[in-house]
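I opened the notebook today to look at annotated repeats and aromatic contacts. Here is what I looked up, entry by entry.

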Amino acid sequence: WDVHDSARPAHSWCAHAGTTLVAVAVSTVWIIDPDAHQMKEKSYVATTAYSGEVKLWSWSLERGHDELFAVHDHTRPCYVDLSANGRIVVTGGKDLALNWYDIDLSSGQSASSYIEKAHDSPIRAVAISRDEYASMLASGCVRGITRVWDRESGNLLHLIGGHSSWITSLAFPHESQEEWRTLRLVTGSSDATAKLWSLGEEGVRELVSFEGHDGYVNSVALSSDGRFVATGGSDQTVRIWSVQGRCLRVFPHAKSILRVRFAPDMSYVAVSLKSHTP
């Protein structure tokens with residue numbers, strides 16, 4: 001959508017014909033335009049369908065959309081995340097598999113890896129760490145378990161419990177925070193809580209439990225400076241928290257909240273509602 005004109009979509013297209021769109025992930029990068037001799041913004045969009053199909057698209061305001069990559073490795077609906085540079089796509093689904101693809105954005109050729117049984121129950125959320133190498137993957141399942149994996153080797157790095165119901169959303173920091181000595185991860189759950197975790201060599205440590213929603217926490221997001229957490233829930237509220245656990249603002253809505261995302265400059269929070277309107 002055009003953020004300056006909410007009534008006018010900037011661009012739209014049919015990503016998956018004959019099936020239902022399940023999940024979308026977006027990464028925006030700056031590239032050098034050799035003709036204009038200046039930096040231009042370009043977005044990559046990963047989509048998944050109810051059929052298990054996964055696609056990666058490029059999009060720009062000037063050129064519209066182009067399909068770069070398509071694969072049908074999942075047998076059931078799956079969830080998706082996209083690395084900061086748009087090259088790495090990770091998917092996890094109800095078939096228990098965790099797949100990831102390193103895609104050449106020029107040719108569409110890819111190198112794929114997978115863990116056939118990443119969990120013993122359906123995967124409901126996936127995430128990629130936001131470092132330059134997208135070195136870690138996270139997956140969360142309906143039993144409330146989150147696993148963190150090394151992307152290069154596929155080895156399990158951390159196993160996170162702590163939630164009493166399924167994992168609905170996962171979020172790594174946008175970039176490494178110098179004041180943090182360990183990587184952090186936010187988990188959201190249908191047990192009405194979100195949690196902030198420290199992932200260090202000494203193991204996993206729960207830092208904060210964000211409690212206040214009256215219903216599922218459907219989505220979590222970390223601000224770009226790592227100081228704030230946003231949560232959206234089935235109780236029709238968006239909540240902004242400090243990473244110390246204090247609820248700073250509550251924004252009520254008329255519908256259940258499906259997704260929340262901070263703007264890069266933290267000037268606003270984008271919200272998707274169950275009524276299918278942004």
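Before I quote any strand content, a reminder to myself: helices (H or I, at least four residues) and strands (E, at least two) are DSSP runs. I am also keeping in mind that this is a predicted model.

I then took residues 210-244 and found 57% strand and 0% helix. The end C-alpha atoms of that span lie 9 Å apart.

I counted three aromatic pairs. One of them is Phe69 with Tyr101, a tilted pair at 5.3 Å centre to centre and 50° between the planes. I traced Phe69 to strand β4 (residues 64-71) and Tyr101 to strand β7 (residues 98-103), so noted as distant parts of the chain, 32 residues apart. Buried or exposed, I asked of Phe69 and Tyr101? Both are buried.

I placed Trp166 in the loop between β12 (156-160) and β13 (167-171), and Tyr216 in the loop between β16 (203-211) and β17 (217-222). They are 50 residues apart. I looked up accessibility too: Trp166 is partly exposed, because its relative accessible area is 26%. Tyr216 also counts as partly exposed, because its value is 38%.

I found the charged end of Arg124 over the ring of Trp166, 4.8 Å from its centre.

Technical notes: Residues are numbered from 1 along each chain as its sequence is written. This is a predicted model: local features need pLDDT of at least 70, side-chain atom pairs count only at pLDDT 80 or more; totals for chains, interfaces and linings use all residues. Side-chain values use heavy atoms; hydrogens and water are left out. Rings of Phe, Tyr and Trp (its six-membered ring) pair if their centres lie within 6.5 Å; planes under 30 degrees apart count as stacked, over 60 as edge-to-face and the rest as tilted. Buried means under 20% relative accessible area, exposed over 50%, partly exposed in between (1.4 Å probe, protein chains only). A charge sits over a ring if NZ of Lys or CZ of Arg is within 6 Å of the ring centre and within 35 degrees of the ring normal.
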